[in-house]
Amino acid sequence: MTLHVDIPEETFSSILAKAFRNTAFVAGFVITLLILAMAIVSYAWTPYDVTKLVISDKTQAPSLAHWFGTDHFGRDILSMVMVGARNSIAVALVAVGIGMGVGVPLGTFAAARGGLVDEMLMRLNDLVFAFPALLSAIMITAIFGPGAVNAIIAIGIFNIPVFARVARAGALAIWPREFILAARAAGKNSTQISIEHVLPNIATLLLVQGTIQFALGILAEAGLSYLGLGAQPPMPSWGRMLFDAQTRMVVAPWMAIFPGMAIVVAVLGLNLLGDGIADILDPKSRRQR
Amino acid sequence: MTAYLLKRLAIAIATLVLASMVVFAVLEILPGDPARLMLGMNASADQVELLRNQMGLNAPLAWRYLHWAGGLLSLDLGRSYTYSVPVIDLVRERLAVSLPLALIALALSTIIAIPVGLFSASRRGRVGDTISMGAAQLGVAVPNFWFALMLIYVFAVWLRLVPAGGFPGWSAGIWPALKSLLLPAVALALPQAAILARVTRSALIEVLNEDYIRTARAKGLPYRAVLWRHALRNAMIPVLTILGLQFAFLLAGTIIIENVFYLPGLGRLVFQAITQRDLIVVESVVMLLVAAVIAVNLLVDLSYAIVDPRLRSRQ
């Protein structure tokens, strides 16, 4: 007989109250919201048209008319940063979706079955981890052609083992619990138990990992675009803007500074958000701080 | 212990063999005939067929795989289409740039991260901890190639202390060569150091809550000794795991960084080979990198046993 301890149920409002006291969460939430808002606003309005080339305005330093300056074609950098956010968010978000959509079922299935199935799936995971992700992403995009869609696939594939691992580890910790035994006694099979009881209990873990992979996806997309393998011009992307900036560092350093800062702020916001969520919902990690 | 090591070794070898099959299969299904590619568009079908026979492209798939894998084992990697030199010579030449670069970056990252992690963990919740972890949080978010551009702007364009790119070769002397690897190494190392510092700190904090740490303090050992001798050693397992992962990341990271600094390394070689469809070079370098990653992870597994005696007696 195990000792039973009553833990007061956490209500939605108590979690919300905790969230607003958590500095990392609030900062991350605000920054992420700002980046999302920027991308959404860019559909309706940007200070200048990013497809219009105004050669007479080329490589102007930041001013009141162009807050972030202009690039070598006279395009407004602020407008390009705004439109570039769309591409970064879309690529990273869909890549997380692919990773979760395939990885989570695999991981929970492996945990539910155990034995040979589990062992085989985990060895498959080892195999994918043996390929440096960036190298394979470069290979995939170079072979199947550069572009946003192939970048999504390349980044998404490497999210699969990450989510499979997290889901499996989380599920393995849930399976020995008493309510699983109760569900079994009630005659549910392992698939039903995985969906109804295991998944809701590992949702937090997956959410935290999701924000981390989202941030990593933005970094990876920027890297691929920088190498010319991501979104293709004229669609502005942060990585591509940095590539264009590199040879013009001496005359127009702002061309490199602002897109780079956009990447840093977006990634920082998502990481803070992930840290914050982990903090609020997982008492163990809070104790360690 | 022996059983544990043998199992890890067997898994590593199996992973390597599977990885080689994956690489072979991916390059096999690629569109484009290497023989046609070498001879150009004007060659006749007979000429192409002759070369295909000479290159062994008409042999059965399994035989070609074994032939290729055997070549890898004996370091006979074939000849590059574009450079017309043996691939092994190319790899050796480029490795002389990339390996020192990755090692310097790894060393830099460790030298910065471990003390910062120790400092932060021992001052948990105080100003010093908040500042260094804030900096680490920022470091994790910085893309290394953008950081590289900023470093070039400050140290090469503005202060003119180091070259902005290029590599004079080791024959130009140790110092000029090292000087041109310095900025790339820093650009690679700092984001990695930020991750490592965070892991070191949280691993240490977990260990510092253990009873044996209180015992060590209670028997009168100074805090510094407890931190370095008892806590750090016990916190090494997660730190070593991350170091192993970082090695793989650094090797791949050289692809972008070498492109930023125009360094003639392995990463730039493989990037150019991919865009020029020089598949023999691509498959060789990819296999080399994969083998390096697997070997490092095996080493990390072995080092667990050295760091943690409990693992030695288990199994």
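Domain bounds here come from an automatic or database domain assignment. I kept in mind that this is a predicted model.

**Entry 1: domains of chain B.** I looked up the division of chain B and found domain 1 (2-73) and domain 2 (87-313). Their C-alpha centres lie 33 Å apart. I then checked where they touch: domain 1 of chain B gives 14 residues to the contact, and domain 2 of chain B gives 11 residues. On the domain 1 side, α1 (2-29) and α2 (34-39) of chain B each supply at least two residues. The largest share of that side, 10 residues, comes from α1(B). I sorted the domain 1 side by class and got 10 nonpolar, three polar and one charged residues.

**Entry 2: chain A against chain B.** I noted 32 residues from chain A and 36 residues from chain B in this contact. On the chain A side, the helices that each supply at least two residues are α4 (115-130), α5 (133-144), α8 (190-226), α9 (238-246) and α10 (254-281). Of these, α10(A) gives the most, with eight residues. By class I recorded 25 nonpolar, five polar and two charged residues on the chain A side.

**Entry 3: the core.** Which residues touch the most other members of the largest nonpolar core? They are A:A137, A:I138, A:L242 and B:A148, in a core of 162 residues. Helix α8 (residues 174-208) of chain B brings the largest share of this core, 17 residues.

**Entry 4: A:L242.** I listed the contacts of A:L242, leaving out residues up to four places away in sequence. In chain A they are A:Y226, A:A256, A:P259 and A:G260; in chain B they are B:F145, B:W146 and B:L149.

Notes. Residues are numbered from 1 along each chain as its sequence is written. Chains are lettered from A and ligands numbered from 1 in the order in which they are written. This is a predicted model: local features need pLDDT of at least 70, side-chain atom pairs count only at pLDDT 80 or more; totals for chains, interfaces and linings use all residues. Two residues are in contact if their C-beta atoms, placed from the backbone, lie within 7 Å. Helices (H or I, at least four residues) and strands (E, at least two) are DSSP runs, numbered from the N terminus. Ala, Val, Leu, Ile, Met, Phe, Trp, Tyr, Cys and Pro count as nonpolar, Asp, Glu, Lys and Arg as charged, and the others, Gly among them, as polar. A nonpolar core is a set of buried Ala, Val, Leu, Ile, Met, Phe, Trp, Tyr and Cys residues joined through C-beta atoms within 7 Å. A residue is buried if 20 or more other C-beta atoms lie within 10 Å of its own, exposed if 12 or fewer, and partly exposed in between; C-beta atoms are placed from the backbone.
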